[in-house]
Structure formats: structure tokens, C-alpha cells
Amino acid sequence: MWKIVIADYYYPDLKEEYKVFEQLGETEIVDLTKIAEGGIKEPGELIPYVKDADALIVQFAKVNKEVIDSMERCRVIARYAIGVDTIDVEAAAARGICVANVPDYCIDEVADTAVAHIMNAKRKIARANSLLLAGEFDMAKIRPVGRMENEVLCLIGFGNIARNVAGKMKSFFKEIVVYDPYVKDRGSYPEYRFLDFDEAVSCADVISLHVPLNGTTEHMLSDRAFGLMKQGAAVVNTARGGLIDEAALVRALDMGKVGYCGLDVVSTEEFGSSPLLHRGDVFITPHMGWCSEEAIVELQRKTAENVAETLLFGKPKYCVNKV
């Protein structure tokens, strides 16, 4: 009999997962949201429940080396997400445990959210609305507003979401430049100019982030990067909050180096505590860029499929580590 532990999630039910798990035969499914409201997310609290699990599914729960080392027979840790920054991937690999994500479930949704933030940053829609509702609207308070067809959009990262954004935005901007040292088939994208990081950041009017959060990318937008930018550049982040050094961002906003910022993610999921929340030059949405009814169903189903395929055939469809 298999044992699958589901640490946390915020979906109304697990119907999609249970349909997938039917193929496994006799299976014990332990739903930790039935034990604690919202599930169990802290490593120390997870250990008693996962010790004898064959598979662990998480959303926001932190799966560190201590948790991984406590698992005696786990074969896969599957996350309801594209990113796996809450899981110690190296520790899992060392124990022969697959780490699985779902990299293709919300490409359009996140790309569309990035596009919306870019358009808002350039047209100052949210800022104008806030001023209007407060009875303080003055055109001088939203200027300068540039003409997008004369400007440059920079994409940091060129994976599936960034490519989707590029396709949708190329008719709006004079040029799209890309920084992504891992793209090998650059000749397949002649309409975009690939540059090194410093060149890409310094020539852009809008910078949109589309990279995973790891040791290499954490705080990639720092005082140094902001110093390279054009005066008044816009910054959009729909990827991970930790990509931006938020103290440096505040300094760049105060100096006018960054003119406007659109964020779907910040350094904490506790959005109400962010120092960026109440600024007129920052517009924040609460990490909702992934969301559509279709994407939710797809995410739940594919996460369950990652587990089922590992238990039945030895490897998930989407495996981020080498096991």
C-alpha cells in the first residue's frame, strides 16, 4: 500500500488528485489540512507525518534537509507550483528522491499578468485611479508618461512565460531585449536582441523578471543593477519576490531611478507587511498571476500525475533534479 502525504494547499477540494490516484490501487492519503487549518508548513511539524510516506505533496510547506533526511522511503516530493525554492533539491537528490514541479500549467495566466503590469506601469492606470478616488488627480502627478512605441522592453529570463510575454508585447515596443545566458537557440528568435545583463538593464525602459529564485538569482536587482538603469525605468516582477533587494528598490524609487514598479510577488507572502504596499509609485497584486479556473484544475491534476507516475514507473513527468 502506498502512503501519500499532502502537507498544505488552498483549493476547495482534492477531487482531481483522487481521480488520478485511483490507478495506484490501495493507497493511504493523509491530508494535513484536516489536522491543522491550512495544513502543516513548518519543517519540524512535518516530520512526524512524513517519516513513512512514499510521496509528499506541498504548496507552501518548507521541505528542508531535516525533513528529507527523516523520510525513510519517500520517492517523490511534488509541489503545486512552477518554482521549487521551498524544497532542498540537492538534499532530495542525495537521498534519491525526485523533486517534481508543474512548469507549464499557467503560462498564459502569468504572462498576461506581466503584460497587465507592464501596461499599467507605462500608462499609470492604477495611479491615476487612486488619485481620482482620493480627489487628488492632477496630470502632473502621473507624469512623465512615455510613448511605448519609442521604448525598449527588457526580459530577464527567456523561458516559456517570457516568450509568451514577448510575443504579446512586440507590437507595443520599439525593441525587446533579452538577458538569458542559458538560451542556446538564439538564432530561432531573430526579432529579439540578446545582451549581457548590464547591457540589457541599462538600455531598457521597462524590465520584466522571469527567472526562478535560487542562489544565483537572489537579489539580482540590487543597488548595482538599479544604478545601471535609465532614470525613471519601470520594473515588473511576476516571478519571485526574492529576485529583488527590496531595500535597494525603495532607495531607487525614492531617487526616481525607478519611476514605477509593478509586482505580483514580494519578499513575503504577508503582503500587508510589505513596505512597498502603500507607495504611489508601486502597484502590487497578491501573487494571483497564476490563477484561472483552468489553471487550478490543471495544476492539481498534473501534481498528482507526477506522484502517480513516480510510484508506478519510477520517475515523474516533470523532474527538476537528477536522481
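Asp85 is partly exposed, at 37% relative accessibility. Keep in mind that this is a predicted model. Here's a quick tour of its charged pairs, its nonpolar cores, a sheet and a surface patch.

**Salt bridges**

- Side chains of opposite charge can pair when their charged atoms come close.
- How many salt bridges does the structure hold? The count is 21.
- One of them joins Asp52 and Lys3, with 2.6 Å between the closest N and O atoms.
- Asp52 sits in the loop between α2 (43-50) and β3 (55-58), while Lys3 is in strand β1 (residues 2-6), so this pair ties together parts that are 49 residues apart in sequence.
- Is Lys3 buried or exposed? Lys3 is buried, at 10% relative accessible area, and Asp52 is partly exposed, at 33%.
- Lys51 and Glu72 also meet through their side chains, in a salt bridge of 3.6 Å from N to O.
- That pair links distant parts of the chain, 21 residues apart: Lys51 is in the loop between α2 and β3, and Glu72 is in the loop between α3 (65-70) and β4 (76-79).
- Lys51 is partly exposed, with a relative accessible area of 43%, whereas Glu72 is exposed, at 57%.
- There's a network too: salt bridges link Lys65, Asp69 and Arg95.

**Nonpolar cores**

- In soluble globular proteins, nonpolar side chains tend to be buried together.
- The largest nonpolar core here has 54 residues, and Ile4, Phe158, Val165, Met169 and Val307 have the most contacts inside it.
- Apart from that core lies another one, made of 35 residues, including Ala200, Leu221, Ala252 and Phe271.
- What does Val307 touch, leaving out residues up to four places away in sequence? Its contacts are Ile4, Phe21, Ala55, Ile57, Val76 and Ala78.

**The sheet**

- Seven strands form an open sheet with parallel pairing, in the order β8-β7-β6-β9-β10-β11-β12.
- At the edges are β8 (193-194) and β12 (282-284), each pairing on one side only.
- Three bridges connect β11 (residues 258-263) and β12 in the parallel sense.
- Cys261 has Val282 in β12 as its bridge partner.

- Leu132, Phe137 and Met139 make a nonpolar surface patch of about 310 Å².
- Where is Phe137? Look in the loop between α6 (125-133) and β6 (152-156).
- Phe137 counts as partly exposed, because its relative accessibility is 37%.

How values were computed
Residues numbered from 1 in each chain as written. Predicted model: local features only at pLDDT ≥ 70, side-chain atom pairs only at ≥ 80, totals over all residues. Heavy atoms only, no water. Patch = residues over 30% accessible without salt bridge, like charges linked within 9 Å, V, L, I, M, F, W, Y side chains within 5 Å. Areas by Shrake-Rupley, 256 points an atom, 1.4 Å probe, with all protein chains shown as cover. Salt bridge = Lys/Arg side-chain N within 4 Å of Asp/Glu carboxyl O. Helix = DSSP H or I, 4+ residues; strand = E, 2+ residues; numbered from the N terminus. Buried < 20%, exposed > 50% of the residue type's maximum accessible area, 1.4 Å probe, protein only. Core = buried A, V, L, I, M, F, W, Y, C linked by side-chain atoms within 4.5 Å. Contact = heavy atoms within 4.5 Å. Pairing = 2+ DSSP bridges.
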